[in-house]
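Hi everyone, thanks for coming along. Let me put the structure up and then walk you through it.

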Amino acid sequence: MTEPRPTDPARPDPGAPAALSQLDGPPAGRRHSALPAHRSGEAREVDDRWLRAERSGGVYDVAVVGAGPAGLSAAVTAAEQGLRVALVDAGAQPGGQFWRHPDEGAAWPDEGRGQHGWRRFTRLRDRLGRLIGGGRVEAFAERQVWFVEERAAVWHLHLTTTHAAVETPAPRLVRATSLVLCPGGYDRQLPVPGWDLPGVMTAGGVQALLKAHRSVAGRRAVVAGTGPFLLPVAEGLAAAGAEVLAVCEANSVTGWGRSPLGAVSVPGKGLEALEYAGALLRHRVPFRQRTALTRVHGEGSVTGATLSRLDRTGRVRPDVPPQRVEVDLVAFGWGFTPSLELVSAVGATTRVDVDESLVAWVDPNQRTDVPRVYAAGEVTGVGGAVLAAGEGELAGLTLALDHGVPVAGSRIEALQRGVRRHRRFAAAMHRAHPVPQRWAEWLTDETMLCRCEEVTVGAVAEVRDVLGAGDARTAKMLARPGMGRCQGRVCGFATAKLTACGRSLETTDLAPLAKRPFTAPVSLGELATTGEGED
Amino acid sequence: MRRSADVVVIGAGAVGAAVAWFATRAGLTVQVLERGQIAGGTSSACEGNLLVSDKEAGPELDLALYSHDVWTGELDEYAGLWEFERKGGLVVAASSTGAEGLRALAVRQRAAGIEVTDVPADRIADYEPYLTDGLAAAAHYPQDCQAQPMLVTAHLLRMAREAGAGVSTGTTVTGLLRDGDRVVGVRTDRGDLTAGAVVNAAGTWAGEVAALAGVRVPVMPRRGFVLVTEPLPPTVFHKVYAGEYVASTQSSEEGLQTSTVIESTAAGTILVGSSRERVGFDRTVSLPALREIAAKALTLYPSLKDTSVMRSYLGFRPYCPDHLPVIGHDPRAPGLWHAAGHEGAGIGLSVGTGKLLAQALSGVAPDLELTPFAPERFGDQVLRETPA
Ligand SMILES: Cc1cc2nc3c(=O)[nH]c(=O)nc-3n(C[C@H](O)[C@H](O)[C@H](O)COP(=O)(O)OP(=O)(O)OC[C@H]3O[C@@H](n4cnc5c(N)ncnc54)[C@H](O)[C@@H]3O)c2cc1C
Ligand SMILES: Cc1cc2nc3c(=O)[nH]c(=O)nc-3n(C[C@H](O)[C@H](O)[C@H](O)COP(=O)(O)OP(=O)(O)OC[C@H]3O[C@@H](n4cnc5c(N)ncnc54)[C@H](O)[C@@H]3O)c2cc1C
């Protein structure tokens, strides 16, 4: 058993700076109000800088899980409509994956460097600060929801600290009438030979290091995979001084032309792409289409990579010799996998999105089909931070409405129009950037599939072909991919693809993998004493 | 009509797989039909304890000992395929009354042919160094074994296939073909199949399949939860459980009962079981059940307090009112056979069941008397259960 590597929390950003204003909430201008609570108070064992929980208990109107673009918008909007809100996030400060930023406790005059839509974030943060100060929002930072249950029409969220070896401070239970699930997602991974070598990172992981720690993961890099998120990562690396040898896009970006409806629906996105293209040009980073990084080389750590030309189906072209490059960093981005465990735990209906991700089904108001449960952001479909924030705000207003607060219909409709437009755009993006059909042909039997349990591609092929495992769940039972510490968050998608043998993934392939009754790990000791003295 | 197969087996769980393998090996042509994936039912929602220690003298123990001989005899050459281990069980008692109960049980079990060693309190650490101090007594059962249930199921099916059997997944049996009284085949959502014998190995759903023939086989669900920890260095060496477990397997209580069964797996994780509740097919994850399982496990292994639990799962044990399985021909619907209702022991009992049923199907007198397991023993009336 190897030491499992932590799941990479950061993800890509289809986020568009130019488009951010479109969905913006209340006007700016309230920015110079009181410092938010997160600036005051000193660090305790568990960081409470943006937390002013009164530990009052009681039943909140709403509990929001996740303080990324979606959750932050939902919490702020609902609280400004007069609801009493609990906001829970595993991170120490708000922002989620997209607005991940340096430690607010230290002085970073340029904390917004490399960010998109940063003003939008700081406005949301200011509003949150005021709401916390006014007692309308209680924020629980560095807490993970490990279990969710409904008892007597009240949602119960069981919390554990994200700090190992620190006892979870009270309250370990948050109760609320309604629930908004905004847990985001994580980088989707596709194994290739050598992808488990140190020096191979997810594109989102590279981005998170840049954003939160201003640190560059390597000196000579290739950024590879598919989708627009490769561009900001390459640009970020180049701007931070790394030599980026190439951006390898497995698809052809002329694919965009095929879905004109989606592409024109959010003009800002096109501008953003141009902006990145310009930046890559300045840094002399070649952009290679229909090219994949099909093999990572190195012993102990990455020293090289093979770049191969692909045909339309994703097969390596036999007529074009592969290129071998020397690198110490490989950043892979294959899109995102939404975190579906909370959605699955409340029993909400799921569907498979255009990018073959399992996502929550929601109505045009962000309601799931479980009463008093709403979802927003990546969990309803990957589509970038602007969409996530718009959905969060829409969920916040719907919540108010459902709690009997009058809300102007026009405001809801405007948000719905924005969400629809961004959804169309996201669908077009996904259609243009599929996982190459014949990706599995790049693999060898020895290619590692599940790093936690050290299960190879060959082992999964064997249970599929010899034992008759016809889906990912059965393969997991028989060969153990996804049984380890990360519980299939990393290898689940690839395992599903390998067992589906070329057919598109369906809910029945993915839903069993997303079922994780413990939505985060919890110690036996905490489990044994949960609820003690709290109900 | 031409016969599609000598035997159609409904259900590709451990029991159906064992029936398929032994029937094929006995020279019969076999077709297995499974509505989901192989091992997709309770056989992938359980633990891998193959126990003799938790059984009182009687027909279930006879079947367990017979199965033990099959596992360690003719199936021994395949042991590696399904992570078979002769681990031995260690049953512990916390109180002196518990200890007396343990000793008395051991006396009865020895008389029935089980090997048991009494372990005094001061020797327990020789077996399980991380067990809590201050236990009153323990008993060691060298015949208790462990296997990986999904691998058992998948490999038995593969072996049957390689010997000529057919296995169709994604095929639901929706009716039985009749010729007068006789059951002569099955109707599925993918067409009809005729057969000399139809074996109902539908586990917890066997009652529904029996109902297709108009006969009553009272198999009901008994829900159980199991916790899985992160992988650990070796900490638990036997199957360790509390003496009260034996009482709880025999009980018909409706409310939540939990009793600790702890085992480590080949992958380094520890499985902590389990609970028993009669709540129908309710799949709601019950925190009270999980909490109680965790709390009881910590009384045995306090050092696991900071160990992470990665996940939990639940399954529905197929149980009959008298806690015995239903195995054999059903005279009420000639041509229909049953192999179901093994409750919390269906993995361990699968191979004995499969072998005995294959003998009966081929007209050979089974090695073990099947009368105690007769499908018609409950009559057609709905019986009132009597709590044990
Ligand atoms: C093309 C593309 C480009 C992108 N570019 C970037 C980029 O440049 N940089 C970047 O960082 N992201 C990028 N993203 C992803 C971007 O992060 C998302 O679009 C956006 O953050 C989604 O917002 P969210 O609110 O849904 O989720 P998130 O921002 O992921 O927020 C979710 C929050 O929920 C918390 N959470 C989850 N589960 C639990 C739990 N059980 N208990 C408590 N808290 C929990 C998490 O800690 C997290 O803070 C990109 C995405 C795409 C598609
Ligand atoms: C928590 C828990 C722990 C347990 N621990 C142990 C243990 O340690 N040791 C042990 O020996 N046992 C244990 N058991 C019990 C064991 O799991 C069961 O007794 C055993 O799996 C039953 O196997 P089966 O083949 O009869 O049923 P299943 O595995 O459920 O197989 C029945 C199959 O029939 C199929 N089916 C049903 N209806 C139809 C239809 N109409 N058409 C087609 N297919 C159909 C189902 O889809 C299913 O796959 C445990 C059970 C639980 C719940």
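How many Å separate the centres of domain 1 of chain B and domain 3 of chain B, taken over C-alpha atoms? The separation is 28 Å.

Before going further, a word on conventions. What you see is a predicted model, where local features need pLDDT of at least 70 and side-chain atom pairs count only at pLDDT 80 or more, while totals for chains, interfaces and linings use all residues. Residues are numbered from 1 along each chain as its sequence is written, chains are lettered from A and ligands numbered from 1 in the order in which they are written, and side-chain values use heavy atoms, with hydrogens and water left out.

Back to chain B. Its domain assignment gives domain 1 (4-48 + 149-217 + 322-378), domain 2 (89-122 + 135-142) and domain 3 (220-319); such bounds come from an automatic or database domain assignment. On the domain 1 side, Glu47(B), His323(B) and Glu343(B) supply 48% of the buried area, more than any other three residues.

Now to ligand 2. Its shell draws at least three residues from each of domain 1 and domain 3 of chain B. In total, 35 residues surround ligand 2, and the closest are Glu34(B), Thr42(B), Ser43(B), Asn49(B) and Glu343(B); a residue is near if one of its heavy atoms lies within 4 Å.

Helix 1 (14-25), strand 12 (220-229), strand 16 (308-319) and helix 9 (346-361) of chain B each supply at least two shell residues. The largest share, 4 residues, comes from strand 16 of chain B. Helices (H or I, at least four residues) and strands (E, at least two) are DSSP runs, numbered from the N terminus.

For the atom-level picture, an oxygen atom of ligand 2 is 2.9 Å from a polar backbone atom of Thr42(B), and an oxygen atom is also 2.9 Å from one of Gly348(B). For Val15(B), the distance from a ligand 2 oxygen to a polar backbone atom is 3.1 Å. The protein covers 97% of the 1,000 Å² of accessible area that ligand 2 has on its own, by the Shrake-Rupley method with a 1.4 Å probe.

Next, the chain interface. Here 34 residues of chain B are in contact with 32 residues of chain A, and the two chains bury about 3,000 Å² between them, 64% of it on carbon and sulfur atoms. In chain B, Leu287(B), Met310(B) and Arg311(B) lose the most area to chain A, together 20% of what that side buries.

Finally, two backbone details. The peptide bond from Gly273(B) to Ser274(B) is cis, with omega near -20 degrees, and Ser274(B) is found in strand 15 (residues 270-276) of chain B. Glu142(A) has a positive phi of about 55 degrees although it is not a glycine.

Definitions and conventions:
Polar contact = N/O pair within 3.5 Å; in protein donor to acceptor, adjacent residues only side chain to side chain. Contact = heavy atoms within 4.5 Å. Buried area = accessible area lost by both parts, 1.4 Å probe.
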